[in-house]
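Please walk through the two chains of this complex with the sequence and the model side by side. The paragraphs below take one chain and then the other.

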Amino acid sequence: MEFRSCPAGSLSPGTDPAALRVITTAVLVGLVASGVALASGLGLLTGGGGPPPPLTGQAHGPAQAAGLRLLREAAQACRSLRYQGVEVAWWGPASQTGGDTSVVQVWHQPGGQALTQAPGAQVLTQTPAAVRGRDQRHQPVSPLGSSDPTLDEAGVLGMSTRLVSLLAANYVVAVAGRGQVAGRPARIVTVRRPGGGVAAWFWLDSATGLPLRKEMFDARARLISSVTFAEVDIGRSAAGGEPVPTARAWHTTLAPGQLARLRARGWPLPGPLPGDLTLIGAKESSTSAGPVVDLDYSDGLSVVSIFVQRGYLPARLSGWSQVALAGHRVYANDPDDLCFAWSARGFVYTLIAAAPQQTVGQVVLALPHDDNPGWLAQLKHGLHRLLSWVRP
Amino acid sequence: MKRHLGERLSALIDGELSDTQRERVLAHLAGCEDCRREAAALRLLKRRMHTLGEAAAGDALTWRLLALRPAGGAGQSARRAARAHRPGARRRRHAWSLAAAGVATAGLGLTGAVFLAGGDRPPPGPKVVPAVDVFMVQHAITTGQVPVQPSGVPSPRVSAKVP
């Protein structure tokens, strides 16, 4: 097994408590990565290893209701509890031959923002509390913000009431048993696809309902992501120490009517996407190259963000590589991150996904591309151009 | 049975007989009414032919005469040959060939020009480099999960390779 560590900022090991924390988390990263690798190799995470064996057949009725109730309580806990801890996230390709692991510290105040910070990095906000002005200390430096609770109330581990509703519509949920995460007893909720395959497992704190771990699987039941608390404090003991956020969600949300007007002006802003992805929010911001629209989609588990802006990509995109995806040539920022970009018909698309690769492929396939216009289209375009010369 | 002059009459009228032959022919004409009539007819024909002079039959007359010939391969071939050699037909055919070639060349040229004009489409709008760091922050906010930090932001990122 090979580990490659990147610089961790200007920390002073041995004297700075933050540095000690980083060292501790780095060790945890190694342990988690080793565990993921070992479990993947042995097939424990996709078969019947640590968590209880998957339910036979589809769970309906009381089992579904119980599972959904726990998930709704978890979404509520994400908003109402005070907690802080260290999360370890692993995102890997479907082949599970590699992947990236990140460690972040998390802070959350009741009704406030959930902040995640990679040691030495900027702070990301995760809830709209700052927008609502509940905690002036957390007002961002930038003019960004959001008034759309359906997007920003997504707390740690992707739990929110909106996502739970979508999850209930698209998956079969059941309580599967009990486990333990970061030394805390947890209830385990399984999420299955309508066809019966496992899609995700949630570990929810038995005492408070707070999500402690989430693992996602692709359509072939291969582990694609794991987010877990390596350590967590919940309640009064979790007070203080949180940083001031420097970025948050774009504040200009787009209502359905505004989206319709943009579509009428030629903006390609799709509604639902393949993979049962529902449009859960749309935001707009300005860049030096003009406005950019952020469309967010989810099926309750996966989240896909598509950023659309007018223009075209340069022939060479530094830091990106060209790859074939769903039969189209696109730029990949980092295939493991599932971040892709391409331009077509006067618009640039940047797709960032927390979703199985199969879902990403379906989405890419559903969006416009300019791969091969064909000789007839080229003739048509040339004719239009020549006519425009004759009759400008 | 009395023997008539036959071809010697034509030679007499054309002045092609020797003196001796002419004496004998004239002696025969003196005693033969039939030959005298034929000689008179030949003279008349020759006179009329002289009256016609060097005039030649026109194209229209020639074509009408050719058309009177019985239909058949030989006749048609002859018409075709004649048609091909008509000066006006050749000119018209040449003009049509030139026109067809011109139209074809112009069509191909125009098609090629249209094709080339449609090839290098000017990309509409500005040249854009995606602000992926900003976008990843927004995506992180949306997911509520802990994705890999945006590039350029220092973080204790670790890549794990599973053997």
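Read from the N terminus, the elements of chain B follow the order α-α-α-α-α-α-α-β. That amounts to seven helices and one strand. Of the 163 residues in this chain, 18% count as buried. Among its contacts between residues at least 6 apart in sequence, 35% join residues at least 24 apart.

The model is predicted, and confidence is part of reading it. Chain B has an average pLDDT of 74, with 66% of its residues scoring at least 70. Where in chain B is confidence highest, and where is it lowest? Helix α2 of chain B (residues 19-31) has the highest mean, 89, while strand β1 of chain B (residues 158-161) has the lowest, 32. Over residues 146-163 of chain B the pLDDT is below 50, and this stretch has 77 contacts in the model beyond near neighbours in sequence. For the complex, the predictor gives an ipTM of 0.72 and a pTM of 0.61.

Chain A contains eight helices and 18 strands. Its 392 residues include 46% that are buried. Of the contacts in chain A with a separation of 6 or more, 60% are between residues 24 or more positions apart.

Nonpolar packing comes next. In soluble globular proteins, nonpolar side chains tend to be buried together. The largest nonpolar core has 53 residues, and those with the most contacts inside it are A:L71, A:A74, A:L167 and A:V189. Strand β8 of chain A (residues 198-205) gives the most to this core, with seven residues. Leaving aside residues up to four places away in sequence, A:A74 touches A:M159, A:L204, A:G209, A:L210 and A:P211. Another core, of 44 residues, lies apart from it and includes A:V303, A:W342, A:A355 and A:V364.

Of its nine residues, the number buried is zero, so α6(A) lies largely in the open. After α6(A) comes A:G266, which has a positive phi near 100 degrees.

Now turn to an open sheet of chain A. Its eight strands pair in the antiparallel sense, in the order β11-β12-β13-β14-β18-β17-β16-β15. Why is one side of β11 and of β15 left without a neighbour in the sheet? Strands β11 (252-253) and β15 (321-325) of chain A stand at the edges, and each has a single partner strand, so one side of each has no neighbour there. Helix α7 of chain A (residues 357-366) packs on this sheet, touching β14 (303-310), β15, β16 (328-334), β17 (339-344) and β18 (347-354) of chain A. The direction of α7(A) makes about 165 degrees with that of β18(A).

Several pairings within the sheet can be followed residue by residue. Strand β12 (residues 278-287) and strand β13 (residues 290-298) of chain A pair antiparallel over nine bridges, and A:G281 stands opposite A:D296 of β13(A). Strands β15(A) and β16(A) run antiparallel and are joined by five bridges, with A:L325 opposite A:H328 of β16(A). The hairpin of β15(A) and β16(A) has two residues between the strands, and in it A:A326 takes a positive phi near 55 degrees.

Methods:
Residues numbered from 1 in each chain as written. Chains lettered and ligands numbered in written order. Predicted model: local features only at pLDDT ≥ 70, side-chain atom pairs only at ≥ 80, totals over all residues. Pairing = 2+ DSSP bridges. Helix = DSSP H or I, 4+ residues; strand = E, 2+ residues; numbered from the N terminus. Contact = placed C-beta atoms within 7 Å. Axes fitted to C-alpha atoms, helices over the stretch in contact; angles between N-to-C directions. pLDDT = per-residue confidence, 0-100. Buried ≥ 20, exposed ≤ 12 C-beta atoms within 10 Å, placed from the backbone. Core = buried A, V, L, I, M, F, W, Y, C linked by C-beta atoms within 7 Å.
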